[in-house]
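Subject: Structure handover and findings

Hello,

Here is the structure for you to look through. My notes on it follow below.

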Amino acid sequence: MRFSNLNLTTLKESPSEAEIISHQLMVRAGLIRRLASGLFTWMPLGLRVLRKVEQVVREEMNRAGALELLMPAVQPAELWQESGRWDKYGPLLLRMRDRNDREFCFGPTHEEVITDIARRELRSYKQLPVSYYQIQTKFRDEIRPRFGVMRSREFIMKDAYSFHVDQESLEKTYAVMHDAYARIFERLGLRFRIVDADSGDIGGSRSQEFHVLADSGEDAIAYSDMDNYASNVETAATLPGRPAAAATEELLKVSTPGAKTIDQLAKFLKAPAERMLKTLIVDGDSGPVALVLRGDHELNAVKAQKIAGVASPLQMSDADTIRMVTGCEPGFAGPIGLDIPVFFDHATISLSDFVCGANEVDAHFVGVNFARDLPAPITVDLRNVVTGDPVAGGKGTIDIARGIEVGHIFQLGTKYSEAMKATVQDQDGKDRVMIMGCYGIGITRIVGAAIEQNHDENGIIWPAPLAPFDVVLVPINMHRSERLAVATEALYAELQSQGLEVLLDDREARPGVKFADAELIGIPHRLVISDRGLDAGELEYRHRADSEARVLKREAALALLKN
């Protein structure tokens, strides 16, 4: 490809709406152009990268035995009403009506459609297990699209679905897909971790996420370098604390005017937040419930809403309910004397001589101890893990990293097949509801995540499998030297004959402009050819990740690229 034919426009400045580096660089390098909020056109250079991701994903899905199909992007409402998700999915679902006033949606996912296919096409247990996959455009009407292709409204996704007669069969396919996903991200040259996760709105039992590690990642990942443990912070378990030390202080009620938050209270009492309890009043299935954590810990909503008696999704109680329960304004709640169910986090049991709200405006208790001032609680896991926590069921302690979710695999069970009556006849001739698995990869998101993980101040540094071109060939003043033009064309043809994808920068532009664009675009290898180099039989070579260029003999440079 010649630069003059690529019709590529690069930008020196980042667009004002681009908040993260991948969005900035994708626009500046001409990979994408914005059409509307959360909607992007993939320009020729960006599409080359996107297609390379698709190719690797397709090869590994085929290797895993999945059958490729293509389902409609627009789906009838009836299927979503059958599954019960038409109303539950909420405003993320883009709804529409056709000329006959029939309701449809633009699919954000395809569980309903594939289940409809399965109940129509699969009749006998002998046809199972079977896996289908597609690479298809999805649409989710995000309330605030942001971060470019990382959280856009329209995106490309690979979604796969498997059907089974029993759980054992699902487990086998799940393991095959797990390994296929690991190969995909390894082949793409990305640093990633596989973490245990919550199934979320899609449902099901076991669930694992694949995260590309990057400082800009939205998700926090808990991991240990002493074993293979890794989990999304939402699902990472904490262990019960050690028994508290003996009490050394008397219980006292103290005045704490205006100290409604832990930070305000810590400053007022000149005491650390970890010696305080915060009591949160949330909605329950049959009335309000209190959740009590250490002052420096964060409530984990995913864990909390799974506790028997706590409403799901988790919802904080309103001010009137808090007044009714505690007898005071919000901000001063405490567990002493509460006449509602109270759940204490595991870490609270280790506290002695601690501080908590007194259920009275501008007042807190200090010197509080379990077994004397409060019954010794049976604790539950309510909080997010933090760095230094022991690994539950593993070795070492927790570290926290940031990750970008690019893949997610689920064991769906019978959530959709049962609701939509997708059955096959088993060996005894009886109808059996099929068990399902679901396996998704964000194709467009992978491109953004790769840039977040691989860039410097000058632009993108593509992993080789993702690069739009292997080599950029930069002639210096080719338009002033006929012999250089001839030599450049010969080298261009030779590189292509070796199977390399080459971008020839044939523009009449200054070398500095060409070098800056090559770094911005992120092509792994750069060859510079000049009259002086021709005289010496040399080429200047630089890898995109290197800080300095090297002058090599022509044969050595070509051998390096060939290898």
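A pocket, as the word is used here, is an open set of grid points with protein on both sides within 12 Å along at least five of seven lines. A cavity, in contrast, is a set of points where a 1.4 Å probe fits but cannot get out. Please keep in mind throughout that this is a predicted model.

Pockets and cavities

The second largest pocket holds about 320 Å³ of space. Its lining is made up of 19 residues, and those closest to the centre are K260, T279, L280, G331 and F332. Strand β14 has the largest share, with five residues. By class, the lining of the second largest pocket has eleven nonpolar, six polar and two charged residues.

How many cavities of 30 Å³ or more are there? The count comes to one. The volume of the largest cavity is about 60 Å³. Around it are A518, E519, I523, P524, R526, R542, H543 and R544. Helix α14 (511-521) and strand β28 (538-543) each supply at least two residues of that lining. Four of the lining residues of the largest cavity are charged, three are nonpolar and one is polar.

Helix packing

The crossing of α3 past α7 is right-handed. On the α3 side the contact is made by V56, V57, E59, E60, M61 and R63, and on the α7 side by M177, A180, Y181, R183, I184 and R187. Seven residues of the contact of α3 with α7 are nonpolar and five are charged, with no polar ones.

Next, helix α2 (residues 21-28) packs against helix α12 (residues 443-453) at an angle of about 105°, and their axes are 8 Å apart. Angles of 65 to 115 degrees count as roughly perpendicular, so that is how α2 lies to α12. Which residues of the two helices meet? Helix α2 brings I21, S22, L25 and M26, while α12 brings V447, G448, I451 and E452. This contact of α2 with α12 has five nonpolar residues, two polar and one charged.

Last, the axes of helix α13 (residues 482-497) and helix α16 (residues 554-562) cross at roughly 30° and come within 11 Å. Because angles under 35 degrees count as roughly parallel, α13 is described as roughly parallel to α16. Helix α13 passes α16 in a right-handed crossing. From α13, the residues L491, E494 and L495 meet R554, L558 and L561 of α16. The contact of α13 with α16 divides into four nonpolar and two charged residues, with no polar ones.

Backbone details

Where do cis peptide bonds occur? One runs from L128 to P129, with omega near 0°. P129 sits in the loop between α6 (111-121) and β7 (130-139). Another cis peptide bond joins S312 and P313, where omega is about 5°. P313 is placed in the loop between α9 (301-304) and α10 (319-326).

The remaining place is D362, which is not a glycine but has a positive phi of about 60°. The loop that holds D362 lies between β17 (354-357) and β18 (363-368).

To look these up, start with K260, T279, L280, G331 and F332 for the second largest pocket. For the largest cavity, go to the lining residues, including A518 and R544.

Regards

Conventions: Residues numbered from 1 in each chain as written. Predicted model: local features only at pLDDT ≥ 70, side-chain atom pairs only at ≥ 80, totals over all residues. Heavy atoms only, no water. 1 Å grid on protein atoms, 1.4 Å probe; cavity = no way out; pocket = protein on both sides within 12 Å on 5 of 7 lines; lining within 4 Å. Points joined across faces, edges and corners; volume = space filled by probe spheres on them. Helix = DSSP H or I, 4+ residues; strand = E, 2+ residues; numbered from the N terminus. Nonpolar A, V, L, I, M, F, W, Y, C, P; charged D, E, K, R; others polar. Axes fitted to C-alpha atoms, helices over the stretch in contact; angles between N-to-C directions. Parallel < 35°, antiparallel > 145°, perpendicular 65-115°, else oblique. Contact = heavy atoms within 4.5 Å. Left-handed = near helix turned anticlockwise from the far one by under 90°.
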